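Please look through the sequence and the three-dimensional structure below before reading on. The report takes up a few parts of the chain in turn.

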Amino acid sequence: MKPRKSRAVKAAPPATLAEWLAAHTDDELVALLQLRPDLAVPLPASMAVLAARTEQRASVLRATDELDTLDFAVIETLVLQGAADQRSPNPLPRATLRTLLGERVTVAALDASVARLRGRALVWGSDAGLHLTPSAQEALPWPLGSATELPDALTEPEITAALIGLSPQERGLLDKLAATGPRGRTRDAAPGTPEDRPVQRLLALRLLNWIDEETVDLPISVGQLLRDEPVTDPHVLTAPQPALRKQGTTDVNAAAAGEVGELLRHSASVLDVLGQAPAPALRSGGLGVREIRRVVKQTGIDEARIGLIAEVLAAARLLDKGSPEPLADDGTEDFWAPTTTADAWLAVVPSRRWVVLAQAWLDLDRFPWMIGLRDANDKPLAALSAELRNVHAIRDRRAILGLLAEYPAGNAVTAPDLGRALAWRQPRWRRHYRLESVERTLSEAETLGLVARGAVTSAGRALLHGRPEDAESEMANALPEPVDHVLVQADLTVIAPGPLTPELQDRVSLVADVESAGAATVYRLSETSVRRALDAGATAAELHNLFTAHSRTPVPQSLTYLIDDVARRHGRLRAGMAQSFVRSEDPALLAEVLAAPVSGLLALRAVAPTVAISQAPLAEVLEKLRAAGFSPAGEDSSGTIVDLRPRGARIPSRTNHKPNWRPNPPSPEQLQALVSELRAGERAAHTRSSQMVRSDGSRTTTTATINLLQLAARTRRPVHIGYVDASGVASQRVVEPLKVGGGQLDALDPVTGAIRHFTLHRIASVALVD
């Protein structure tokens, strides 16, 4: 008799979501927890608990935020086919899903979508029958049926043309539905209503859909256009392909370098102005329009640009809010001034200064482009005010720039095309990608040098990918090399043909004032600027040598005369502190000072033929003597000339400032440990137990627990223990006791093979495993 051939037993498909999750490998569970980290907090005790969490509405809505239009079309199809009905489950075969949607999308794209949904546990089951988590239906970004029913809607050009001819009453009705919700109830929807009524006209123009005699519905595309959102069609299951404009990478980087040069110069100017006169803060904490206009007047920078720069400087901790006590007693509560960190920032190379500002803008949880817009009370939003904070700012900004960075280097994309692509990718967030939001975000990115000519720069791409060192190197290559020479003109102007080296920049700025800035900066020499350099300790010989050594043009005679004339008169009269004193080696000159009206203003009193004293501060003595036509120089107690230039206010940088809190996702190693704990809890939940001891804290039960554990250790039998850790979290697990003593149980974890240690008084129950 021939033996029968054994038939392979086909595994039955999982009957429940918990069974389907239990069949996952550890790596698949780790991937699930990475996509949905909220499922692991607190650690689920079993697969049944994990399955219940995956179906919770709040968790499902978070998990669907990153799904695209095709993913939601799959969800909608499963809902309409009954795959989400828990009362009468009707799983949908994968082949049927391909038949229903395959005409509008490739099989590969559809399979990838199902894999994404399975990876998030929104869809589960075998290919023979796909189930859908019921709460997923609530995440649909459009009414049920919008993606699967045949389209019968107007195109974007048709909608635009129809809106032009509407009356104010008709347009107001549409705007209200677009703002409050697509469904509206009205008696004018009933048949027989006069055709000239607004609702009937809108129905005839197909700008409204008729639902029943009292209900109308605003089409999705009409509402999007009215809200200035990207117009997307739920029936289009393939991602839109923006028109790319090829730009030279070198040209893009060069354009960004020009913007970065202006950004750094303007930032330094804003810090300088606010250092000389800190800006009082508004009651709301922001920077008032009056103060911004003061900065505009002193720097010549555009008002909107100053608002952005102030936001970025504050985010980088170069500008902060302080109390007025150290500086003034004018009654103001707070003021905005540079921090001590600003001096260190100003001293580093330009590329590193740019990285600080650009990184601060990327991580800024505020929308600077909203400055000047009206709030709910019709008041303009102020720079640095709390109203500009938005929890979605970082996410939206990185989504826009991240998509732009996906295209090849040097390729530019328009803001409308970016908005449409983002709305298709993340339809639940499409209202965040209104044309205004995308355009203004790109404009800020261009100001910061991350984008130029509509394309991401090389430095911006490196910074978006989390490589600040590479970004600094790329920007250093793009910025023009500092020059070590100037061009001195006969009209006492000095032209810097590019960014000067830091040392030359400091020396020229000391002796000359900026007249016009840009790619080539023009400085103006004057008696005041030369005297400022002499006050700082420079000599006439040093100033002559500065221009002789660094000017590519001959030094004009007029500059030589100017320096010599100011230097000849400078310092003949000396002022010090008595509070202050005035001295001169020439008694006649001091007598001339004492005879002048300024002597009475300063209450000068001669104490020697060459020395007079005053109770006025030294700075006031110098100022009034110069205003009277004299040229005094300040000196310290040793007779050395001192630099009395105003340094500007500085407030301590808040080193204990807490950055914007963002959740720190667990590492793969931590998730592996969590999965191991979950496996142990699942094994314990399905283990049959015999003899059990429950501890109530008494000596009797503690002794019984120890005896049972010692018995298990001698006989090498596994036990099922209930354990409460130091955080108060209870768990169940099966272990093999090895040693009991010293208030501790040493046991082998059969799942991981590791030796675990348990405190005896935290063991709530022990049971031998059959």
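## Confidence in the model

This is a predicted model, and the mean pLDDT of its chain is 85, with 90% of the residues reaching 70 or more. Over residues 1-9, however, pLDDT stays under 50, and the model has zero contacts beyond four places in sequence for them. Residues 655-659 also stay under 50, and for these the model has one contact beyond four places in sequence. Where pLDDT is low, the predicted coordinates should not be read in detail.

## Helix 7

Helix 7 covers residues 107-119, and because 13 residues at 1.5 Å a residue should span 18 Å, the 18 Å between its end C-alpha atoms agrees with that expectation. Its buried residues are Leu-110, Asp-111, Ser-113, Val-114, Leu-117 and Arg-118. Seen down the helix axis, these buried residues fall within an arc of 155 degrees, so they line one face of helix 7.

The buried residues of helix 7 pack against helix 1 (17-22), helix 5 (69-80), helix 6 (94-101) and strand 1 (123-124). After helix 7 comes Ala-121, which has a positive phi, near 60 degrees.

## The nonpolar cores

The largest nonpolar core has 65 residues, of which Trp-354, Leu-357, Trp-361, Leu-401, Leu-418 and Leu-450 touch the most other members. Helix 12 (residues 249-276) gives the largest share of this core, eight residues. Apart from this core lies another, of 31 residues, including Phe-72, Ala-73, Val-74 and Trp-424.

Beyond its neighbours within four places in sequence, Leu-401 is in contact with Trp-361, Leu-362, Leu-442, Ala-445, Leu-450, Val-451, Val-456 and Leu-464.

Methods: Residues are numbered from 1 along each chain as its sequence is written. This is a predicted model: local features need pLDDT of at least 70, side-chain atom pairs count only at pLDDT 80 or more; totals for chains, interfaces and linings use all residues. Side-chain values use heavy atoms; hydrogens and water are left out. Helices (H or I, at least four residues) and strands (E, at least two) are DSSP runs, numbered from the N terminus. The expected span of a helix is 1.5 Å times one less than its number of residues. Buried means under 20% relative accessible area, exposed over 50%, partly exposed in between (1.4 Å probe, protein chains only). The arc is that of the directions from the helix axis to the C-beta atoms. Contact means heavy atoms within 4.5 Å. pLDDT is the predictor's confidence in each residue, from 0 to 100. A nonpolar core is a set of buried Ala, Val, Leu, Ile, Met, Phe, Trp, Tyr and Cys residues joined through side-chain atoms within 4.5 Å.
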